[in-house]
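Welcome, and thanks for stopping by. Please have a look at the structure below, and then we will walk through some of its parts together.

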Protein chains: 2
Amino acid sequence: MREEFQPVKGTRDFLPEDKIIRQRIVDTLREVFETFGFSPLETPSLERWEILSRKYAGGEEILKETYRLKDQGGRELGLRYDLTVPFCRVIAANPEIPKPFKRYQIGRVWRDGPIKLGRYREFWQCDVDVAGSSSMMADAEFLKMIDVVAEKFGINADIRVSNRKLLNSILDYAGVQEEKRLSVTLSIDKLEKIGRDGVVEELISKGIDEESVKKIIELISINGTNDEILKIFKGIKEAREGVEELDELIKYTKILGLKNVRIVPSLARGLAYYTGTIFEAFIKNSNITSSFAGGGRYDDLIGKFTGVDKIPAVGVSFGLDVLSDALKEKMERNKTVVSVFVIPINTKEKSMEIVSMLRDAGINSDVDTIGRSLSKNLNYVNSLNIPYCLIVGKREIDEDSVKLRDMNTGEEKLINIRDVAKEVKKLID
Amino acid sequence: MREEFQPVKGTRDFLPEDKIIRQRIVDTLREVFETFGFSPLETPSLERWEILSRKYAGGEEILKETYRLKDQGGRELGLRYDLTVPFCRVIAANPEIPKPFKRYQIGRVWRDGPIKLGRYREFWQCDVDVAGSSSMMADAEFLKMIDVVAEKFGINADIRVSNRKLLNSILDYAGVQEEKRLSVTLSIDKLEKIGRDGVVEELISKGIDEESVKKIIELISINGTNDEILKIFKGIKEAREGVEELDELIKYTKILGLKNVRIVPSLARGLAYYTGTIFEAFIKNSNITSSFAGGGRYDDLIGKFTGVDKIPAVGVSFGLDVLSDALKEKMERNKTVVSVFVIPINTKEKSMEIVSMLRDAGINSDVDTIGRSLSKNLNYVNSLNIPYCLIVGKREIDEDSVKLRDMNTGEEKLINIRDVAKEVKKLID
């Protein structure tokens, strides 16, 4: 790739072979989101700096990574770093929207941070949220939706859930001061990644005393079926509220037929704004260790951000890059959407008519316009992995037929021009 | 709308009622583009300033309106102002892509210019181009594609075509110096808008002498059928090349069955880079006077921009905002994608099962999670214009049935729970 024409560092060009897969993923996500009653929302890429830096928005750390610019009127602007802040802003700007408000938004966000493997400066978020319901029924629907998405993609999902209230009560019970909660939470979240010893080490280094660490580790390591785990936590009176919510959530997931939801007490998730249910979904038996979806309940954020009414909310974010990596392993990668390529042999006009017939029938098709030889056309068709071609020769046309060639097997057969669309449709469906 | 939560000036929030329509338009465009053999491409929003300001890119005027910023590494960046420059960049960066390369790209672009009615600082372009074919067959395909798009949207299209070579030969013939060509071209383009007198006045004010103006006006005002117009221009020997191309183009449009393509010699289009065919499509019998699609051939741009090989190209850009305005008049506007809303009356669990059945059947559906009364739920359903609801009462459930209510007519009927998905599908299909 010529250096001077590379995309900006941290951003990517998606050539057709990648974009076709990403588009299919997005189409499937949209379809699932809509069956679950979520409607699409679109907001600008640019937000006023005032909004992005507002209290209870993304916070200090994220602002350091936000692309900042001024318009010609001198207004301070920034490229959005997530889709949650715009969601809150839209709710505040349009108080007449009936609640619950169920929306999804799939779009780019930007963060000018360090580039590591799998981290980009421009990336996509696929966010689905409901504002205005505090029922665990709403939380359960997200878990079901994750499962439906996974099934559509042939992914075996491991859906882990916990509850921030439960986690906070564990920390209270262990005597962790409130100001250390978030920091401790971040360490706890690493249990499945760095193991028990790793977490202990991190907690000690963060100044948590040994007795507290012991209590924490003991509780977040609890193993067993969901019912067994719930039973143990029911014995800790500080944990009552969180346990009740989790209990209700698990009950609803059973009604929805979910079998792959498991309570993982060490699940914490980094974001400060979660207030109840938290969840994260991983791919079982895969090299891909990043989660493909995650989310939770944030009952205080909208009210604090907008300064208006408290509006309970819960949502999930799907990772387009992770899903895309997972699917690249399974799906065939095509360099083009074209299913059939028409090759005229001194039959330009007839070939145009034939390709028109194919397109009218909804078949993605193309025709040589530059008058190449048959062999050069076949090379082109091969280089794009187009599965079929139609060779339109003068002699065949006189008999109202054309030659259909299967590019994989090399097989050729004569078909009647009238049946071209029908025959091709049979093959590609 | 609360002032502090408004979107950035010149940008827009698209709430579901607007976004649903825009999404349908984009889906239809994609479908048509793909049947014509164009594959999707995606490029970053941010480009290096060096690329955006490169010779033969957008030019001085557009750079003044380009949002400029620096990343943390001090790199000079800008938000892309069109999708043509990224297209050229991708071709230069990936010389291995087989030609002809047919791609479409639908995405945001940004221009920090004055805001007038219908002009925004963030807007969408839907660009379809082929690089690597100089045949008029390729040009004709775009005209056909415009017609197919129009038909899908129930729009009566007026497709105007001309050729830059023809126009240049008219200007030569009239004695206009080459350095005044673009400026004169811009005035000519206004003929259908400001009329003959308006154009005369503009040309005189631009220092074109009366004799030249007379010749220009005479030629660009030629009226008649395509064949009549071509016949007249065939009499001007300076116009030979442009007329031959136009002649061939019109011949191909006939093969493709197009009846609404007309040669308009005054058609000019503003962009400097066009080299041959130019076209623009309007909506017949509509209040909307802006074109919904326009494009042309630009055989020199890619080679000049990349500094590598000359690659002939032709393309079209569809206007999402114009199409959206046109369709808003025809299509029903929905505030939600939801077709059916399930209302539990003390039947939360059964209702969850029913909504799951509906979703499994691919029906966009939702359920009350917040335990509202029947009348409050009906208000909510009405406020979102959801067409149907299912009322799930205890007594009905005991008889394995639920009440289906048509929100438009108020009619209600009992249906068996087993048949819920089937019955609803019948209604909404």
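## A guided walk

Let us begin with helix H14 of chain B, residues 348-360: its 13 residues reach 18 Å from the first C-alpha to the last, close to the 18 Å expected at 1.5 Å a residue. Keep in mind throughout that this is a predicted model. The buried residues of H14(B) are Ser351(B), Met352(B), Ile354(B), Val355(B), Ser356(B), Leu358(B) and Arg359(B). After H14(B) comes Gly362(B), with a positive phi near 80 degrees. Asn346(B) has 11 other C-beta atoms within 10 Å, so it is exposed.

Another helix of chain B to look at is H1, residues 16-35. Its 20 residues should span 28 Å at 1.5 Å a residue, and this agrees with the 28 Å between its end C-alpha atoms. Among the buried residues of H1(B) are Ile20(B), Ile21(B), Ile25(B), Leu29(B), Val32(B) and Phe33(B), and the list also includes Lys19(B) and Glu34(B). Just after H1(B), Gly37(B) has a positive phi of about 85 degrees.

**The sheet and its strands**

Which strands of chain B stand at the edges of the open sheet? The sheet has eight strands in the order S1-S5-S6-S11-S10-S9-S7-S8 (chain B), with mixed pairing. Strand S1 (39-40) and strand S8 (261-263) of chain B are at its edges; each has a single partner strand, so one side of each lacks a neighbour in the sheet. Elsewhere in chain B, strand S9 (residues 277-283) and strand S10 (residues 293-297) run antiparallel and are joined by four bridges. In S10(B), Gly296(B) is the bridge partner of Ile278(B).

Moving over to chain A, strand S5 covers residues 101-110, and eight of its 10 residues are buried, so S5(A) is largely enclosed by the rest of the structure. S5(A) pairs with strand S1 (residues 39-40) of chain A in the parallel sense, through two bridges. One residue pair here is Ser39(A) with its bridge partner Arg103(A) in S5(A). S5(A) also pairs with strand S6 (residues 122-131) of chain A, in the antiparallel sense and over 10 bridges. In S6(A), the bridge partner of Tyr104(A) is Val128(A).

| Strand pair | Direction | Bridges |
|---|---|---|
| S9(B) and S10(B) | antiparallel | four bridges |
| S1(A) and S5(A) | parallel | two bridges |
| S5(A) and S6(A) | antiparallel | 10 bridges |

**Backbone details**

Most residues other than glycine have a negative phi, and most peptide bonds are trans. Against that background, a few places deserve a second look. The peptide bond from Lys99(A) to Pro100(A) is cis, with omega near -5 degrees. Pro100(A) sits in the loop between helix H4 (84-93) and S5 of chain A. In chain B, a cis peptide bond joins Lys99(B) and Pro100(B), with omega about -5 degrees. Asp400(A) is not a glycine, yet its phi is positive, about 55 degrees. You will find Asp400(A) in the loop between helix H16 (394-398) and strand S15 (401-406) of chain A. Asp400(A) counts as exposed because it has 12 C-beta neighbours inside 10 Å.

**Stepping back**

How many helices and strands are there in chain A? Chain A has 17 helices and 16 strands. Of the 429 residues in chain A, 48% are buried. The C-alpha atoms of chain A fill a box of roughly 90 × 60 × 45 Å along the principal axes. The domain assignment of chain A gives domain 1 (3-330) and domain 2 (340-428), and the C-alpha centres of these two domains of chain A lie 49 Å apart.

Finally, the two chains meet. The contact takes 73 residues from chain A and 73 residues from chain B. On the side of chain A that touches chain B, the residues divide into 33 nonpolar, 19 polar and 21 charged. Chain A superposes on chain B by a rotation of 180 degrees with 0.0 Å of shift along its axis, at an RMSD of 0.1 Å. The two copies are therefore related as by a two-fold rotation axis. In chain A, the C-alpha nearest the axis belongs to Leu69(A), 2.8 Å from it. The same surface serves both copies, as 100% of the contact residues of chain A recur in chain B.

How values were computed. Residues are numbered from 1 along each chain as its sequence is written. Chains are lettered from A and ligands numbered from 1 in the order in which they are written. This is a predicted model: local features need pLDDT of at least 70, side-chain atom pairs count only at pLDDT 80 or more; totals for chains, interfaces and linings use all residues. Domain bounds come from an automatic or database domain assignment. The expected span of a helix is 1.5 Å times one less than its number of residues. A residue is buried if 20 or more other C-beta atoms lie within 10 Å of its own, exposed if 12 or fewer, and partly exposed in between; C-beta atoms are placed from the backbone. Two residues are in contact if their C-beta atoms, placed from the backbone, lie within 7 Å. Ala, Val, Leu, Ile, Met, Phe, Trp, Tyr, Cys and Pro count as nonpolar, Asp, Glu, Lys and Arg as charged, and the others, Gly among them, as polar. Copies are superposed by least squares on the C-alpha atoms of residues with pLDDT of at least 70 in both. Two strands pair if DSSP finds at least two bridges between them.
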